[in-house]
Amino acid sequence: MNKPADLVIDAQGIVNRFGDVVVHEGLNLAVPRGAIMALVGGSGSGKTVLVRSLLLLRAPSGGTLKLFGQDALAADEAQRQALRQRIGVLFQGGALFTGLTVLENVLLPLREQGLVDKRLLPELGMLKIGLAGLPADAAHKYPAELSGGMVKRAALARALALDPELLVLDEPTSGLDPIGGVAFDQLIRELRDLLGLTILQVTHDLDSIWHGSDTVAFLARKKMLAVGPAAELAQRDEPELVAYFRGSRSAAYLHETLSR
Ligand SMILES: Nc1ncnc2c1ncn2[C@@H]1O[C@H](COP(=O)(O)OP(=O)(O)OP(=O)(O)O)[C@@H](O)[C@H]1O
């Protein structure tokens, strides 16, 4: 068992409902520090609603939520803002400002925070761009001038801007070719090791699920149906897990990776 202090996210008994529609009912999720956890579930199972709750963008209808050991639901707005600043978010599609260069995008959170000496900003921005695996000359390009993989990396550099402890990634490898996807997974693992990050990633990418994550949290029946390494979940008998891990898509994937 992890001590509570070792859990970056500790959500217990979470309930989320919209009118009569119950999305989560007594959902538990514990993410230990240093984990790379994939958040997986069918369409409409409630991954986005859960992530919005974890990012303090939506108050759950019930349950408790500790972030970094602090009671996030009892926190006042200033404390919630401080908690949010400890979380870097990579939105699907990158969500970069198209009228700003990569460097300007990366510097935006730092400028808004206003804690860093302005003269140090460009150097700091270039450091984040390098960490995200982009060449220095990408800094002065606009998002439209970048490949899909570079856009993801630029968005990652921005997510790293405020030195987060937790990175939340929404389908980080979607739209990338398999080689680009594996390279991105590898980068995430290196950053976890280098910076001591904790990663929670919503993903449908079988490479990310099987090889890019240590643990898979599987959302079904309004709760976390199972949490464990992909190989462990693939042995379970719950019909949702059988369909996901032993269905035709997974079978084809495993057949292909075993023969690589
Ligand atoms: N603002 C809202 N008002 C009403 N219902 C909502 C709202 N947001 C989400 N829902 C419902 O909550 C459920 C879960 O939606 P959510 O977007 O979290 O699923 P998801 O797992 O992220 O799906 P996908 O993989 O397709 O993106 C759905 O039934 C959806 O209709």
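In this predicted model, strand β6 runs parallel to β7 (residues 166-170), and 4 bridges join the two. Strands (E, at least two residues) and helices (H or I, at least four) are DSSP runs numbered from the N terminus. Pairing requires at least two DSSP bridges between two strands. Local features need pLDDT of at least 70, side-chain atom pairs count only at pLDDT 80 or more, and totals for chains, interfaces and linings use all residues. Residues are numbered from 1 along each chain as its sequence is written, and side-chain values use heavy atoms, without hydrogens and water.

The open sheet has 6 strands in the order β6-β7-β8-β3-β9-β10, with mixed pairing. β6 (87-90) and β10 (223-228) each have a single partner strand, so one side of each lacks a neighbour in the sheet. Neighbouring strands are turned by 20° against each other on average, direction ignored. Helix α1 (residues 47-54) packs on the sheet at about 140° to β3. Axes are lines fitted to C-alpha atoms, for helices over the stretch in contact; angles run from 0 to 180 degrees between N-to-C directions. α1 touches β3, β6, β7, β8, β9 and β10, where contact means heavy atoms within 4.5 Å.

The lining of the largest pocket divides into 11 nonpolar, 4 polar and 3 charged residues. Nonpolar covers Ala, Val, Leu, Ile, Met, Phe, Trp, Tyr, Cys and Pro; Asp, Glu, Lys and Arg are charged; the others, Gly among them, are polar. Helix α3 gives the largest share of this lining, 4 residues.
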